[in-house]
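The following exercises ask the reader to work through a protein structure step by step. Each task is followed by its solution.

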Amino acid sequence: MFSSISAYADKLVPIKKNQHHENLWDRIRNGFALTLPPDNKAIRKIEAPYTQNPHAFNHIVASSERYLFYVVEEIERRNMPMEIALIPVIESSYNPLIKSDNRSAGLWQFIPETAKILGLTQNVWHDDRRDIVASTQAALDYLQYLYRKFDNWKLAIAAYNVGEGVVSKALARNLHKGRPVSFYDLNLPIEAKHYVYKLLAIKDIVTNSKKYGIQLRPIPNRPYFDEVKIHEHIDISLVTRLANISDIEFTALNPAYNRFVIKVSDEPRTLLLPKDKKEIFVQNLETYQDPRFSWRIYHVQKGERINDIAARHGTTVKQLQTINGIARNKNLVFGQRILVPQSVLVAESKKDGIVQKKRQFWNDKSDVHIVKKGDTLYHIARRYRTTVDQIKQWNNSNDNLSIGQKLYIVKS
């Protein structure tokens, strides 16, 4: 802690909490706490592109409408300055799907290394840097940590941009030389100072929008989305159908998912749905009887081609490439994990003279039998307590076996 700099700090003034604003922008203005610099020339220069193109600024505002209420709620709950709600304007233009050259992602634009430190999971299934709730919580946690360290919000925000080490060294140099240590006195990198100035410029535009001829689109001061806990794997297409929302709306609220499925491991996953769609989804999910997950993980075997895997699982090469993010003409490698359809299998049986059909799906516990010398379908069926016809149906095969052939056995 650099406690000796507190005299120069942008101290946090307790926010006057007022939930009676109809327009969220009024609530945001009410929570602003940071001072503008003594010389506003830099601010005016940064403001120019925004004030000269109000349409572009309102495009960013439109992008924020799904997320801004949640961000504001969390900032106010933590008693942080409301300027922080404008950081995603700088970072991502409030577009959680934006791609950056420096490998950063999400509303708050975390790079992979920082995200890992902050506990944001990144894997083949989802990237929590793009998760609205998880990334916002991580960003606010990080900013609060930086404020506790530097006791100054402008320095904390600068450190969010360039790293706490850079800011710490600049402070240490001035302290060692007995020089002032306010944000404006430190020899910080130009990009760090510009980052803070840009945030203050946007704050000034929001505060004085009428002065700059910008008619900010009103945003209702109420939640846009609600959270739903998912405890088992589920297809995204099923979520959209049961919630009666479009694919675009799902992706806007749940941009973290990399595949067509939501895979649940040890902890449940949190989905965001429009406020008025949550109960519809929950009710429909409770009464839905069919399997919720139509894909499974498949481990590529030695020498296997994507064409063979597609044919065996009743799908196309293009579909496998799309769902797994596999580039055209790229070969699969031994042990690679890919998603394949859980083939719908119909097992027929007779009871009282009536043919009954039972739907079965491949699952992660399905067995793979490698045919050995001397194996017959009859002996394999007895071993797995099934029938020859069922094995042939599961594998779309005939009576002929070859050594090394893989036979898939579905466990009931």
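**Exercise 1.** Identify the residues that lie nearest the centre of the largest pocket, and describe the lining of this pocket.

*Solution.* The structure is a predicted model. Begin with the lining: 23 residues line the largest pocket, and Glu91, Gln109, Ile111, Tyr160 and Asn161 lie nearest its centre. Next, turn to the elements involved. Those that give two or more residues to this lining are α5 (87-92), α6 (112-117), α8 (153-162) and α10. Then sort the lining residues by class: eleven are nonpolar, eight polar and four charged. Finally, the space in this pocket comes to about 460 Å³.

**Exercise 2.** Determine whether Gln109 and Asn329 are buried or exposed, and describe the backbone angle phi of each.

*Solution.* Start with Gln109, which is placed in the loop between α5 and α6. Its relative accessibility is 9%; buried means under 20%, so Gln109 counts as buried. Gln109 is not a glycine, yet its phi is positive, at about 50°. Now take Asn329, found in the loop between α15 (317-324) and β6 (337-341). Asn329 has a relative accessible area of 76% and is exposed. Its phi is also a positive value, near 65°, in a residue other than glycine. For context, most residues other than glycine have a negative phi.

**Exercise 3.** Classify the ring pair formed by Tyr184 and Tyr197, and state which parts of the chain the pair ties together.

*Solution.* The structure holds ten aromatic pairs. In the pair considered here, the ring centres of Tyr184 and Tyr197 are 6.3 Å apart and the planes stand at 20°. Planes under 30 degrees apart count as stacked, so this pair of Tyr184 and Tyr197 is stacked. As for location, Tyr184 belongs to the loop between α9 (164-177) and α10 (190-207), while Tyr197 is in helix α10; the pair therefore ties together parts that are 13 residues apart in sequence.

**Exercise 4.** State how many cavities of 30 Å³ or more a search of the whole structure finds, and describe the lining of each.

*Solution.* The search finds two such cavities. The largest cavity has a volume of about 60 Å³. Its lining includes Trp25, Phe57, Ile60, Val61 and Ser64. Helix α3 (residues 54-64) supplies the largest share of this lining, four residues. By class, nine residues of this lining are nonpolar, one is polar and none is charged.

The second largest cavity holds about 50 Å³ of space. Among its lining residues are Asp131, Ile132, Val133 and Leu272. Two or more residues come from each of α7 (132-150) and β4 (269-274). This lining divides into seven nonpolar, two polar and one charged.

Technical notes: Residues numbered from 1 in each chain as written. Predicted model: local features only at pLDDT ≥ 70, side-chain atom pairs only at ≥ 80, totals over all residues. Heavy atoms only, no water. Phe/Tyr/Trp six-rings, centres within 6.5 Å; stacked < 30°, edge-to-face > 60°. 1 Å grid on protein atoms, 1.4 Å probe; cavity = no way out; pocket = protein on both sides within 12 Å on 5 of 7 lines; lining within 4 Å. Points joined across faces, edges and corners; volume = space filled by probe spheres on them. Nonpolar A, V, L, I, M, F, W, Y, C, P; charged D, E, K, R; others polar. Buried < 20%, exposed > 50% of the residue type's maximum accessible area, 1.4 Å probe, protein only.
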